[in-house]
Amino acid sequence: MQPSPFTGLTRLGRGAWPVLSVPPRLFISVLALLALLVAKPALSADDYLSELDAEVKKVEARKIDGESGVSTVEAPAEVSGDKNSERAGVSRDAFEAMLRKRYLGTFGFYKKLPERSRQEIFAEYLEGAPISEVRKKIIDRLLQR
Amino acid sequence: MLNSMKNAAIAACVLGIAAGSQAVAEEVVVGGSDFIPLVKDKPYLHVIHEGRSIKVQRVQDPDYELKGYFAKTARKCPPFCIQPIAPSVDVGVIGEVELFEFMETELRDGTGVLVDARTPSWHKKGTIPGSINLPFTQLSKSIDDPEMLDALEVLGAKERGEVGMWDKLMEGWGWSDNPHLTENWDFSQAKSVVVWCNGPACGQSPRAIRGLLEVGYPADKIKYYRGGMQMWQMWGLTTVVPD
């Protein structure tokens, strides 16, 4: 009997094309592994955020001489006042904790507001404004209104 | 003789410098022939930022050159690769002139929102006046995430209550006259948003826009300012450092 010219290969039935004797699953796994090795790894969301964090450190404050046209405007300074003012027995920390617990998104917006707006909102809360109004005010302030 | 010539030369120099200073001073006079306006016939504009009016104008120093991060041409790619002109074929792309117009119309009357879609650490370094910070990380959340729900509320979208069977049927057949309705959301009062980030090599605002589209925000209410902070600074336009 003549040896098969397809060393390492086998035949699948009569007239079939020669195929690798390696099990298909293993073959596909090897191919996938090779593809992974060759391809550049895609950036995950976390990687992208890490890259963004690293990149932002390269940005310096923009300073331009005022005489030639002020180009960077400092935001208004914080309104002076007692940040930990307590009225009606509710501390600002407690108010913020409540906001964080019940309205996480709104809390996120609240944290972005300048200190004077936060004070204003807290004061309104202490005066008894319903939470819907407090949330609306936070959004209004966020929208520069 | 030598001394008097020297003195005359110094005097001429001083006079020349004085004349030059005057010329420079005249340059920044609004309406002066050398004044650099935002666009023709619009020397500057005002927007409200964090409760106060900010004058948006261009740097008047004729020798001013952009330096620092936004003057760089090289960025690591990926992830900071040049972006396509638009993140979606349905979303319009605008430049500075259209942004000025937006600031003076929709942003001013409250029907529009200017969104700085960068992460807070970027926003804190300086932003375009009138912007609010809605990071792409928030705008990429799913529709049932509290952060996305609040972002949609800020942008004027309303959750629909119980929808009648007849309305459902009409909408299902495409016979609704309101193109801004989804199954659970009504975007008919949603604001026009202009979304921006660091510029043409920044992927943050495209991600934010795709996130908004994903939850059904109407594409015709979204505009992409592709130039972003890089082009804004390249034109020497006013930026603000948030509180």
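**From the core to the contact**

Tutor: The largest nonpolar core holds 54 residues, and V115(B), A117(B), L155(B), V194(B), V195(B) and A208(B) have the most contacts inside it. Such a core is a set of buried Ala, Val, Leu, Ile, Met, Phe, Trp, Tyr and Cys residues joined through C-beta atoms within 7 Å; buried means 20 or more other C-beta atoms within 10 Å of a residue's own, with C-beta atoms placed from the backbone. This is a predicted model, in which local features need pLDDT of at least 70 and side-chain atom pairs count only at pLDDT 80 or more, while totals for chains, interfaces and linings use all residues. Residues are numbered from 1 along each chain as its sequence is written, and chains are lettered from A and ligands numbered from 1 in the order in which they are written.

α6(B) gives the most to the core, five residues. Helices (H or I, at least four residues) and strands (E, at least two) are DSSP runs numbered from the N terminus. Leaving aside residues up to four places away in sequence, L155(B) touches V113(B), A190(B), K191(B) and V193(B).

Now the contact itself. It takes 35 residues from chain A and 42 from chain B, counting two residues as in contact if their C-beta atoms, placed from the backbone, lie within 7 Å. On the chain B side, β1 (45-49), β2 (52-56), α4 (120-123), β5, α6 and β10 (239-241) each give two or more residues. α6(B) supplies the largest share of that side, seven residues.

Two of those elements, β1(B) and β2(B), run antiparallel and are joined by five bridges; strands pair if DSSP finds at least two bridges between them. L45(B) stands opposite V56(B) in β2(B). Two residues lie between the strands of this hairpin, where E50(B) has a positive phi near 50°.

From chain A, take helix α6 (residues 131-142). Its 12 residues should span 16 Å at 1.5 Å a residue, and its end C-alpha atoms are 16 Å apart, which agrees; the expected span is 1.5 Å times one less than the number of residues. R135(A), I138(A), R141(A) and L142(A) are buried in α6(A). They lie on the same side of α6(A) because they cover an arc of only 125° around the axis, taken from the directions from the helix axis to the C-beta atoms. The buried residues of α6(A) pack against α4 (104-112) and α5 (115-126) of chain A, and also against β5 (131-133) and α6 (146-154) of chain B. After α6(A) comes Q144(A), with a positive phi near 65°.

Key:
A residue is buried if 20 or more other C-beta atoms lie within 10 Å of its own, exposed if 12 or fewer, and partly exposed in between; C-beta atoms are placed from the backbone.
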